[in-house]
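The entries below follow the order in which I looked things up.

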Amino acid sequence: MEGDRDRGLLYDSDPPSPPLSPPPPLSLTFFDRERHVTFLEMMYHMLPYHYQSQEINHLTLAYFVISGLDILDALDRISIQNGSHLASTYCALAILKIVGYNLSNMDSESILTSMRSLQQPDGSFMPIHIGAERDLRFLYCAAAICFMLNNWNGMDREKAKEYILNCQSYDGGFGLTPGSESHGGATYCAIASLRLMGFIGDDCLSNASAPSSKANIQSLLDWSLQRQVADGGIQGRPNKPSDTCYAFWIGATMGTLGANKFIDEKALRSFLLTCQSECGGFGKFPQELPDLYHSYYGLAAFSILGEAGLKPLCLELGVTEAAATGL
Amino acid sequence: MASSGEDRRAWVPLGSLPEFADVTPLPQDDGPSPVVAIAYRDEFRETMDYFRSLYSSRELSPRSLLITTLAISFNPANYTVWQFRRQVLEALDADLTDELDFTERVAKGNAKNYQLWHHRRWVAEKLGSDAAYRELEFTRKIFYLDAKNYHAWSHRQWVLQALGGWENELDYCVQLLEEDVLNNSAWNQRYFVVTKSPLLGGLKAVRDSEVDYAIEAINMNPQNESPWRYLRGLYNDENDAWLNDSRVPSACLRVLKAKRNFKFALSTLLDLLCLGFKPNQEIRDAITSLRTPDSGEVGSDSDLAKSICSILGHEDPMRANYWTWRSSKLPQAAEV
C-alpha cells in the first residue's frame with residue numbers, strides 16, 4: 001500500500017511503477033511540448049505491459065492519448081482509424097468529437113434509452129446494467145453524453161441535480177456520494193455536471209452569497225481555493241499532498257465558476273514543472289515517473305493556465321473548445 | 001500463479017492442464033488496427049482467452065471460479081470478470097465467508113480498486129447484518145495502513161447505514177484523531193456519525209460538546225483546516241445559532257492574540273461579520289494589531305471586514321486575488 005497518496009477518481013488505480021530505476025531527475029524550467037507529444041505518440045502505438053491491469057479502461061486510455069494530443073495541437077502525428085459502460089461511452093463520444101465526427105449522424109436513441117435505465121431513484125447513475133458502484137463520476141459521464149448528443153432524454157436532470165446537492169459536504173466541497181469526504185475530483189464532477197445541465201450560468205460568482213436552492217457556492221469557493229498549498233500544487237483533500245491531476249480537477253472547477261484568477265497560477269505552474277518528466281508526460285508527484293492519467297491532466301492544467309501553443313479547453317466537457325463546438 | 005512482477009514461479013500454461021482440456025480459448029478481438037494496444041504478458045493473454053471462452057458459454061462451474069481468480073490476480077480492474085464471478089458464486093451457492101477471505105487477499109495489493117470494493121459490498125449485503133462487525137474490522141485494518149483510503153471510508157459508511165454497528169463509531173473517530181488530528185477523513189466521519197447515528201440523538205443534541213471538541217483541536221493546531229471547517233459545519237443552515245455561540249469568536253480571538261497561523265481565525269470572523277456579527281472591542285483591537293500598512297482604519301464593522309480582507313491578502317498571499325474580490329463584495333456601510 002502506498003502510504004499517504006491519493007488515487008485519481010476517473011482512473012481505477014495507478015499502474016504499478018515499471019521495474020526500472022528512474023533516470024536522474026532533469027530539472028525542466030519550461031513546458032516541454034515536444035517531449036509530451038513524443039510520449040503520447042509512443043503510448044498511442046504501444047502501452048507498456050504494466051497497463052494490462054488497466055485493461056478494462058482501454059477506451060479511457062485512448063481518450064487520454066487522443067485528447068492529450070489534441071490539446072497539444074498534434075493530432076496529425078497519429079492516424080486514427082475508426083461495450084456498454086458509461087465511462088467508455090463518454091470517452092468514445094469525446095474521441096469522436098475530437099476527430100470531427102458529426103454526432104448527429106449517430107443513432108443516439110439507443111444510447112439514451114439505455115442510459116435512462118442506469119439512473120437510480122435517488123438521481124445517481126450506475127455505469128453498467130449488471131450492477132456496479134454508483135457515484136458522481138457516472139452522473140458526470142451521463143451529463144456529458146447527453147450534452148454531446150444534445151439530447152436530455154437520457155436522464156432526469158432535476159433528480160440528478162438533487163443527488164449532486166446531496167453530495168455537497170459540510171465544508172463546501174463535494175464527495176462522491178452523500179456523506180463522503182469532499183474531494184477535488186468529485187467536486188469537478190459535481191460542478192461540471194451542473195454546468196452541462198444548465199444549472200450554473202456565467203453569473204455564478206456574482207450571486208455567490210445569495211441563498212438559493214442550489215449549491216452553497218461561497219463555501220465551495222473557499223474550500224476549493226484552500227486546496228492550493230505551499231508548494232504551489234493542488235491537493236485533492238485537506239492535509240493531503242499536492243498531486244498533478246488536481247490542478248485540473250480544482251482548476252477546471254474554478255474556471256467553470258469564473259474564479260480561475262483566484263488561483264496562484266505562477267505557483268501552480270512551478271509545481272507542475274517539477275512533475276514534468278524527462279520522458280515526456282507528467283507524474284503524480286515531483287520526480288515520479290509519468291503515467292497516462294497524470295500526463296493527460298497535467299497537459300489539461302497547462303491549457304487552463306494559458307500555455308502558449310496549447311489549445312483551450314471546454315472545461316466542463318473535458319475536450320478542447322474546438323472539439324466541443326465541432327469547428 | 002498470480003504474477004505481480006515479483007513472482008518467480010513458472011507459469012503453467014492453462015492449455016496443458018487436464019481440467020481445461022475441453023475448452024477452446026477465445027482470443028481478444030481488437031479489430032484490424034488496434035490503438036493503444038497493450039503489450040500483454042503471455043500468462044495474462046492466455047488466462048483471458050480461457051476466460052472469454054467460459055464467459056461466452058456461460059459456464060458457471062468451479063473451474064470458471066478458478067479462472068476468475070486467475071484473471072483477477074492479473075487485472076483486478078476488469079468488471080466483467082468480477083460480475084461473472086458473482087454469477088458463478090450464486091450458481092454454486094458458495095460459502096461467502098470464504099469470499100470475504102478472497103477479497104481481503106486481493107485488497108492487499110489493491111486497496112484502492114473500485115471493483116474490489118463493490119464486490120465486497122455485494123458479499124456483505126448477502127451476508128446481512130451479521131457481517132457488520134467483520135466489515136468494520138476489515139476497514140479498520142485498511143485504515144491501519146492508510147487512514148485516508150477513500151474507498152474504505154465509503155464502504156464503512158455504507159456498512160453503518162445498511163448493516164448497523166454504530167456503537168463504537170464516535171470512539172473510533174476520537175482514536176483516529178488522537179493518532180492524527182490532521183486526518184480530514186476522520187473529521188468527515190465524525191460529522192457523519194454525529195449527524196446520522198441513531199444512537200446519539202441527532203446533531204443538535206451533541207452540538208455543544210462537538211463545538212468544544214473542535215475548538216480544542218483548533219487551540220492545539222490553529223493551522224489545521226479540518227476543525228475549522230467542522231466547527232462551521234456544525235452550524236450549517238443555522239446562521240442565528242452560529243452568530244450566537246460566543247465560543248466561536250472567543251476561539252478566533254485566542255488565535256489572533258498568538259499572532260501566528262491566524263488565517264482561518266480571520267476568515268471565520270469575516271464570515272461572522274458578513275452575517276451581521278457585532279464584534280467587541282477586544283476583537284477589534286486584536287485585528288488592529290495585525291494590520292498591515294495598507295489595511296486602513298477599523299472604525300465601522302464594514303471597515304473591519306475590509307481590514308480583515310487586506311490582512312488576509314498578506315497572511316494568505318497565494319489567495320491574494322480572492323481576498324481582494326471578497327473585499328469588493330462586502331456589503332457597503334451605506335447599502336440598504
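**Salt bridges, then the interface**

I began with the total, and over all chains the structure, which is a predicted model, holds 40 salt bridges. As a reminder to myself, side chains of opposite charge can pair when their charged atoms come close.

Entry one. I looked up B:Arg63 and found that it forms a salt bridge with B:Glu59, with 2.7 Å between the closest N and O atoms.

Entry two. I turned to B:Glu104, whose salt bridge with B:Lys141 has its closest N and O atoms 3.1 Å apart. This pair links distant parts of the chain, for B:Glu104 lies in helix 4 (residues 96–109) of chain B and B:Lys141 in helix 6 (residues 132–145) of chain B, 37 residues apart. I noted that B:Glu104 is buried, with a relative accessible area of 17%, whereas B:Lys141 is partly exposed, with 48%. Both also belong to a network of salt bridges, in which they are linked with B:Asp101, B:Arg120, B:Arg134 and B:Glu135.

I next followed B:Arg156 to B:Glu169, a salt bridge with 2.8 Å between the closest N and O atoms. Here too the pair links distant parts of the chain, joining helix 7 (residues 150–163) of chain B, which holds B:Arg156, to helix 8 (residues 169–179) of chain B, which holds B:Glu169, across 13 residues.

I moved to the interface, where 58 residues of chain B are in contact with 71 residues of chain A. The area buried between the two chains is about 5,700 Å², and carbon and sulfur atoms give 53% of it. I counted three salt bridges between chain B and chain A, one of them joining the side chains of B:Arg229 and A:Asp222 at 3.2 Å, N to O. Across this interface I also find 23 residue pairs in polar contact, both residues at pLDDT 80 or more.

I asked which elements of chain B supply the side that touches chain A with two or more residues; among them are helix 3 (79–92), helix 5 (114–127) and helix 11 (225–234) of chain B. Helix 9 of chain B gives the most, with six residues. By residue class, this side of chain B divides into 26 nonpolar, 19 polar and 13 charged residues.

Terms used
Residues numbered from 1 in each chain as written. Chains lettered and ligands numbered in written order. Predicted model: local features only at pLDDT ≥ 70, side-chain atom pairs only at ≥ 80, totals over all residues. Heavy atoms only, no water. Salt bridge = Lys/Arg side-chain N within 4 Å of Asp/Glu carboxyl O. Helix = DSSP H or I, 4+ residues; strand = E, 2+ residues; numbered from the N terminus. Buried < 20%, exposed > 50% of the residue type's maximum accessible area, 1.4 Å probe, protein only. Contact = heavy atoms within 4.5 Å. Buried area = accessible area lost by both parts, 1.4 Å probe. Polar contact = N/O pair within 3.5 Å; in protein donor to acceptor, adjacent residues only side chain to side chain. Nonpolar A, V, L, I, M, F, W, Y, C, P; charged D, E, K, R; others polar.
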